[in-house]
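Subject: Structure for your files

Hello,

Here is the structure I said I would pass on.

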Amino acid sequence: MENVTYKCPNCGASLDFGAATGQMQCAYCDSVFDVETLCDLANEETAAPEETDWEQENPDNHWTEEEEASLRSYVCKFCGAEVLTDATTAASRCPYCDNNLIFASQLSGSLKPDVVIPFKITKKQAEEALKQFCSGKFLLPKSYHTESRIEEIKGVYVPFWLYDCTAEGNIRYDARNVRTWSDRNYIYTKTDHYLVERTARMGFANIPEDGSTKADDNYMEALEPFDYGELRDFDMPYLSGFLADRYDVTAEECRSRAETRIRNSVEQEIAKTVHGYQSMSVRSRQVHMDAGKVRYGLLPVWMLSTQYKDKIYRFAMNGQTGKFVGELPIDRAKFWGLFAAIAAAGAVIGGIVGMIGI
């Protein structure tokens, strides 16, 4: 047996037949319907729905082997949802229940970090640092403060390779001192040439090179230095509540960048010891590095981004020291106004100098 109930088309409540009016009445929204009209509506609702042929736009659109190789699937232990990540993600959050997820398989064997620097800067402090970074910028558009919005803020443990070694440098310089004097008949110039040689031996520890293609190398270098006195032996609980990536650039691939930094540092420090000459140039240089060691570490970085006028502006913050870097939009009108003012001031100064004959 089927029960039949007539419902109000407007609010869904049950309809009653009004003996005085001969119409169907709703006691909740006071709607009134003719019996014939209501029967027509009921027939429309009970009529078999018209079938529509739906065609899949790309029925053969499947993951390629390369794309499948770059994906990892995990099951959240809290809510049972399936979570997809890329091949380098080591810690994340479940998009359904927002619980912390640490993927131990990405941190085992040769992928296990040796050391970690824990986060010291909180998310709230990172947000405040972004506000301070944007304050007092003359060329920043005024509307940026009201129209921009934070698109993303996340704490990420970025994979780094840390290099230790001893380097010995031997550099020869051609140095010169020039002296000029004159008498009634001639102007004399004397140039003294010197061969200057310096040798130094220097120790380097924890020269960092980021091992992730996701991280901007320029930003990562700008966030240095980290306080490596706070390095800790790696343990997975440090990752809870943050994102983490494992390296996808090997220590061997990063080695040339580290060696370049070490070589440049040796040359700069040796050059500081050469004094008493008006000019000098390098005649020859040799920098030899002893076999050192390299460690795999995770360093804390806050990644932030804002959206302003359909463009994303990215920032990064050292999660240990609070050092902040990033890009900001420029008010072109202010920029050209400032440029014109500087040019005008230069012209005025030049005119005054010309008038007084300096």
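Of the 358 residues of the protein, 33% count as buried, where buried means under 20% relative accessible area, exposed over 50% and partly exposed in between, with a 1.4 Å probe and protein chains only. This is a predicted model, in which local features need pLDDT of at least 70 and side-chain atom pairs count only at pLDDT 80 or more, while totals for chains, interfaces and linings use all residues. Residues are numbered from 1 along each chain as its sequence is written, and side-chain values use heavy atoms, with hydrogens and water left out.

The protein has seven helices and 16 strands; these are DSSP runs numbered from the N terminus, helices being H or I of at least four residues and strands E of at least two. Among contacts (heavy atoms within 4.5 Å) between residues at least 6 apart in sequence, 69% join residues at least 24 apart. The accessible surface is about 23,400 Å², and carbon and sulfur atoms account for 50% of that (Shrake-Rupley method, 1.4 Å probe; for residues, only the protein chains shown count as cover).

Pocket and cavity

Both come from a 1 Å grid over the protein atoms alone: a cavity is a set of points where a 1.4 Å probe fits but cannot get out, a pocket is an open set with protein on both sides within 12 Å along at least five of seven lines, and lining residues have an atom within 4 Å of a point. Grid points are joined across faces, edges and corners, and a volume is the space filled by probe spheres set on the points.

The largest pocket holds about 490 Å³ of space. It is lined by 23 residues, and Lys154, Val156, Lys214, Ala215 and Met303 are the closest to its centre. Elements that give two or more residues to this lining are β6 (89–93), β9 (149–182), α5 (217–222), β12 (243–245), β14 (293–308) and β15 (311–318). The largest share, five residues, is from β9. By class the lining has 12 nonpolar, five polar and six charged residues, with Ala, Val, Leu, Ile, Met, Phe, Trp, Tyr, Cys and Pro taken as nonpolar, Asp, Glu, Lys and Arg as charged, and the others, Gly among them, as polar.

There is one cavity of 30 Å³ or more, and the largest cavity has about 50 Å³ of space. Its lining includes Phe160, Asp217, Glu221 and Arg257, and β10 and α5 each supply at least two of the lining residues. Three of the lining residues are nonpolar, none polar and six charged.

Helix α6

Helix α6 (residues 251–271) has 21 residues and reaches 30 Å from first to last C-alpha, close to the 30 Å expected at 1.5 Å a residue; the expected span is 1.5 Å times one less than the number of residues. Its buried residues are Ala251, Cys254, Ala258, Ile262, Val266, Glu267 and Ile270. Their cover includes β9, β10 (187–210), β13 (279–289) and β14.

Two residues

Leu130 lies in helix α3 (residues 123–134) and is buried, because its relative accessible area is 4%. Beyond its neighbours within four places in sequence, Leu130 contacts Ile150, Leu304, Thr306, Phe315 and Phe324. Leu130 and Ile150 are 20 residues apart in sequence and 9.6 Å apart C-alpha to C-alpha.

His193 is in strand β10 and counts as exposed, because its relative accessibility is 61%. Not counting residues up to four places away in sequence, His193 touches Ala175 and Arg176.

Regards
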